[in-house]
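Subject: A structure for you to look at

Hello,

Here is the structure I promised to pass on to you. Have a look at it first, and then read my notes below.

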Amino acid sequence: MSDLILWLDELRLSDLGQVGGKNASLGEMIGNLARLGVSVPGGFATTADAFKQFIAQSGLAERIQKRLAALNVDDVDALTRAGAEIRQWVIETPLIPAFDKAVRTAYKILCDKAGVNDTAVAVRSSATAEDLPDASFAGQQETFLNVSGADDVIHQVKAVFASLYNDRAIAYRVHHGFAHEHVFLSAGVQLMVRSDIGASGVLFTLDTESGFRDAVFVTASYGLGEMVVQGAVNPDEFYVYKPTLKAGKPAILRRGIGAKQQRMVYSTRPGERVRIEDVPAAQRAKFCITDADVHELAKQSLVIEQHYGRPMDIEWAKDGNSGKLYIVQARPETVKSRARATQIERFRLKRRGTVLAEGRAIGQKIGAGTARVIRSLADMNRVQAGDVLVADMTDPDWEPVMKRAAAIVTNRGGRTCHAAIIARELGVPAVVGTGDALAKIPDGAAVTVSCAEGDTGFIYAGKLDFERVTADLDKMPPAPLKIMMNVANPERAFDFAMLPNAGVGLARLEMIIASHIGLHPKALLEFDRQDAATQVKIRERIGDEDPVEFYVNRLAEGIATITAAFAPNPVIVRLSDFKSNEYANLIGGAKYEPHEENPMLGFRGASRYVDPTFKDAFELECRAMKKVRETMGLANAWVMIPFVRTLDEGRKVLEVLAEFGLRRGDNSLKVIMMCELPSNALLADEFLEMFDGFSIGSNDLTQLTLGLDRDSGIVAGLFDERNAAVKMLLSMAIQAAKKKGKYIGICGQGPSDHPDLAQWLMEQGIESVSLNPDTVVDTWLALAKNKANA
């Protein structure tokens with residue numbers, strides 16, 4: 001149109017100097033990706049030349065430069081005064097006539113295209129130094145939503161220009177070496193998406209915590225997207241697996257429902273563009289977008305990622321009228337994508353303490369310090385270096401104080417909120433979305449913030465001992481055998497998969513049931529027969545979802561997350577091995593479980609699977625496995641059967657598996673048997689005729705060989721997997737498997753606890769050892785060293 005205004009569809013990344021990173025990226029997507037299915041709302045951008053002409057008039061640029069030249073940005077009061085003064089100068093300065101006319105003309109064209117007089121637009125900032133790959137902090141300037149009418153657009157363009165002199169933006173430029181006079185602003189005027197009556201959110205084309213590249217992480221909440229970006233709500237979360245998505249299969253690995261307590265909507269009150277309202281309870285209890293929406297967003301994000309050639313941070317919106325999904329911003333992800341993939345750092349809490357609050361963990365670190373409960377920016381100077389910042393939520397104005405904190409805790413927000421993004425950039429642990437941290441954490445108290453225990457972060461009373469371990473994977477020697485991992489928690493799977501590994505030797509299904517479901521399968525199969533109190537407890541967990549489908553779907557999500565994280569390496573999924581007392585502790589479980597004097601030797605493992613009273617519950621596990629392997633296409637998941645007492649029981653289990661769609665050999669399905677009873681080793685040849693291999697469970701094998709209860713403190717000192725009798729059985733199992741060319745590994749605790757046992761197993765010719773993740777690197781190095789010295 002002119003040197004003052006450019007249409008977004010005319011822009012490319014090469015125009016960054018004229019319209020800033022944000023607007024150039026929008027134009028790049030409209031021009032190159034629309035034909036590939038990426039939808040971006042249209043609009044126009046003011047140019048850097050227009051901004052220069054605007055501040056050149058009446059000596060405004062010289063006044064601004066003179067005011068900033070002598071400013072000490074670390075003097076908060078002086079910074080506040082200078083920023084307010086400069087912003088007022090900008091607001092009071094009219095646009096030059098040609099610029100004013102160009103904006104009004106472009107807005108009229110936009111209204112005509114939309115078919116609506118005074119159509120609603122968003123006016124966004126796009127600085128020439130903002131959102132560059134090497135400038136990690138974004139959002140320094142303002143965005144104004146639901147702007148309607150030419151006069152209002154003109155006013156908000158000036159407000160965007162003024163925001164170049166926000167306190168945080170001034171300080172940011174000084175601290176990052178950008179000269180004030182070399183940074184210009186473009187205002188993007190973009191058609192509004194009616195997400196106020198739909199939904200919106202943020203997505204990343206990698207896992208934001210581990211850096212795992214094969215996942216798309218989507219967050220979503222009702223209303224306009226500012227609530228998610230600011231961290232004012234705890235959004236719904238979804239993980240999508242890229243290879244499955246590309247193959248055209250259902251690709252959602254797991255999902256979590258957020259509180260979504262509030263939403264930002266259009267306001268009809270005079271002088272107010274948007275307002276915040278409570279979300280009705282019935283809507284909060286549901287996911288705000290469909291699985292189809294999640295898949296579509298993930299597909300668009302992959303197109304964008306492929307085009308830019310790097311992981312992306314993307315804002316999206318769903319129009320509540322049309323149901324259409326739009327991309328409203330896209331910029332390179334700047335934290336995990338730049339981290340050294342070969343440098344690992346692990347934190348471990350030596351002991352847990354009293355939990356004061358919990359929420360979503362950001363990062364995997366641990367921090368400790370004095371809690372400073374800050375309810376207002378006016379109090380932020382109370383936070384000293386090494387303190388733990390506790391606040392309701394944060395925005396860019398909080399960044400100076402966030403840099404001093406050893407850890408950050410907020411009441412509100414999800415994994416893509418401001419506090420989470422800044423915590424990652426600063427490399428400090430954060431727990432967001434606690435809901436009650438301000439009430440539960442005493443100001444001035446010593447606390448420990450742990451993000452090293454999975455998706456949930458904990459704030460403990462007192463300064464607890466923890467350890468930090470680092471290793472450089474570039475220096476890892478070749479492994480002398482397959483080193484696999486024992487993984488129970490799907491929430492840690494992406495993180496653990498970053499370690500060197502040959503797959504998962506033990507994925508415990510019962511851990512997924514206990515942590516992510518918490519319900520007895522029979523209580524769900526017979527939901528209508530439960531008493532009212534039990535039904536209420538079940539509904540609190542499952543919402544409106546069908547009880548049986550809930551169980552199958554959550555189980556499948558847990559299995560799929562672990563399986564996808566380690567693909568294409570095998571993931572050996574041990575089907576449930578709860579004892580009767582453990583099953584009884586699940587909601588609704590007491591009425592279905594027998595009382596046994598010694599559950600360890602009772603109704604467990606294979607005996608359950610073939611028993612008529614439990615067979616229908618076992619079918620649900622098979623359905624979940626079948627969904628993961630066939631529907632989602634994750635065929636690297638193997639099945640493992642625990643506690644097979646007799647050959648006849650082994651045959652019956654295989655028949656039941658086949659009946660429920662898991663026939664050994666179909667779709668390359670391998671069925672492994674736990675070798676954990678003396679009878680398994682003694683009859684190894686016969687068992688291995690039926691199964692594809694053994695995974696040795698050294699815990700049960702040891703206690704049953706030595707005739708001791710490993711939970712008894714009286715005889716616990718006798719428990720040792722290195723006992724000669726145990727080693728004889730181990731050797732028998734290994735040699736039998738090798739002779740038949742079958743898989744042979746060990747997944748018990750022994751190799752993790754005793755490096756000398758791992759060495760002995762290697763000498764016996766075992767194919768793999770499966771270790772606890774925290775022992776992988778040390779055991780790997782020890783075995784490689786021993787082999788080199790042999």
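A term to start with: pLDDT is the predictor's confidence in each residue, on a scale from 0 to 100. You will need it here, since this is a predicted model. The average pLDDT of the protein is 92, and 97% of the residues reach at least 70. Please take care with residues 131-137, where pLDDT stays under 50. For that stretch the model has 23 contacts beyond four places in sequence.

Next, the surface. Leu 682, Leu 683, Met 728 and Met 732 make a nonpolar patch of about 370 Å² there. To find Leu 683, go to the loop between helix 24 (678-682) and helix 25 (684-690). Leu 683 has a relative accessible area of 33%, so this residue counts as partly exposed.

Now for the cysteines. A disulfide is a covalent bond between the sulfur atoms of two cysteines. How many disulfides does a search of the whole structure find? The number is zero. Take Cys 288, which is in no disulfide: the nearest cysteine sulfur belongs to Cys 417 and is 16 Å away. Cys 288 has a relative accessibility of 11%, and because buried means under 20%, it counts as buried. Cys 417 is in no disulfide either, and the cysteine sulfur nearest to it, that of Cys 451, is 12 Å away. With a relative accessibility of 2%, Cys 417 is buried too.

Enjoy exploring, and do write back with any questions.

Best wishes

Note on methods
Residues numbered from 1 in each chain as written. Predicted model: local features only at pLDDT ≥ 70, side-chain atom pairs only at ≥ 80, totals over all residues. Heavy atoms only, no water. Contact = heavy atoms within 4.5 Å. Patch = residues over 30% accessible without salt bridge, like charges linked within 9 Å, V, L, I, M, F, W, Y side chains within 5 Å. Areas by Shrake-Rupley, 256 points an atom, 1.4 Å probe, with all protein chains shown as cover. Salt bridge = Lys/Arg side-chain N within 4 Å of Asp/Glu carboxyl O. Helix = DSSP H or I, 4+ residues; strand = E, 2+ residues; numbered from the N terminus. Buried < 20%, exposed > 50% of the residue type's maximum accessible area, 1.4 Å probe, protein only. Disulfide = S-S within 2.5 Å.
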